[in-house]
Amino acid sequence: MAADKEEKEDGNGRREAEQATGLEGENEKEEGEELEALRAELRAARQAAEANLSKLKYLMADFDNYRKQMEKQVASRVESGKAELLLKFLNIRDDYQRALATAKKQENVAVSPIVIEGLEGILKNIDSLLSSEGVRPIEAVGTPFDPNVHDAIAFAPRDDVPENSVTAEIRRGYMLNGKVLRPSMVEIAKKIVKNSDTDNNA
């Protein structure tokens with residue numbers, strides 16, 4: 001009787017052990033599936049993060065290019081506005097210089113030398129202002145004609161200077177930061193062509 005009881009208990013123990021082993025196997029299987037699912041999610045998250053990072057880099061590069069382009073456009077507009085204003089100053093300077101030259105030549109009207117000196121001082125101040133803004137006069141007389149900086153409005157028949165060299169400056173030209181602000185109006189030399197008479201003896 002006691003032996004039967006022991007056998008029964010052993011059988012129950014084996015069954016419980018088998019059930020426990022089966023449960024452990026199922027638990028391990030479920031844990032393995034969950035782990036694989038988590039790994040797959042992690043891979044997907046990494047791929048999404050890399051894709052987002054790549055998009056962010058492209059957006060940052062595009063924004064940087066846009067910013068540089070806008071800075072160039074703003075600088076160009078500022079430079080253009082500055083050039084227009086300086087051209088107006090140059091026209092005023094031209095008028096002022098002509099008035100000063102006329103005042104110096106007046107014979108029938110007595111103009112005090114002090115007044116002339118004062119007017120010349122103002123002209124120097126105008127030139128100093130233009131120079132401080134990067135305005136430089138274009139060299140003209142005695143230089144070869146350059147269509148990039150000179151406008152030829154007259155020709156002079158000359159043999160004493162090379163052909164196409166500038167012989168006179170009608171209106172001074174100026175450069176602004178290496179660019180032509182206003183071309184010089186000039187007269188250039190042309191060679192004198194002499195017709196030689198030939199004797200036609202038949």
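A contact here means heavy atoms within 4.5 Å. The model is predicted: local features need pLDDT of at least 70, side-chain atom pairs count only at pLDDT 80 or more, and totals for chains, interfaces and linings use all residues. Residues are numbered from 1 along each chain as its sequence is written, and side-chain values use heavy atoms, with hydrogens and water left out.

**View 1. The chain holds 2 helices and 6 strands.** Their order along the sequence is α-α-β-β-β-β-β-β. Helices (H or I, at least four residues) and strands (E, at least two) are DSSP runs, numbered from the N terminus. Among contacts with a separation of 6 or more, 64% join residues 24 or more positions apart.

**View 2. Arg 93 sits in helix H1 (residues 2-105).** Its relative accessible area is 5%, so Arg 93 is buried. Buried means under 20% relative accessible area (1.4 Å probe, protein chains only). Beyond residues up to four places away in sequence, Arg 93 touches Leu 123, Ile 126, Asp 127, Leu 130 and Tyr 174.

**View 3. Arg 93 also lines the largest pocket.** A pocket is an open set of points on a 1 Å grid over the protein atoms alone, where a 1.4 Å probe fits, with protein on both sides within 12 Å along at least five of seven lines; lining residues have an atom within 4 Å of a point. Other lining residues include Asp 94, Gln 97, Glu 169 and Arg 182. H1 gives the largest share of the lining, 4 residues. Strand S3 (166-171) supplies at least two.

Note on methods. Buried < 20%, exposed > 50% of the residue type's maximum accessible area, 1.4 Å probe, protein only.
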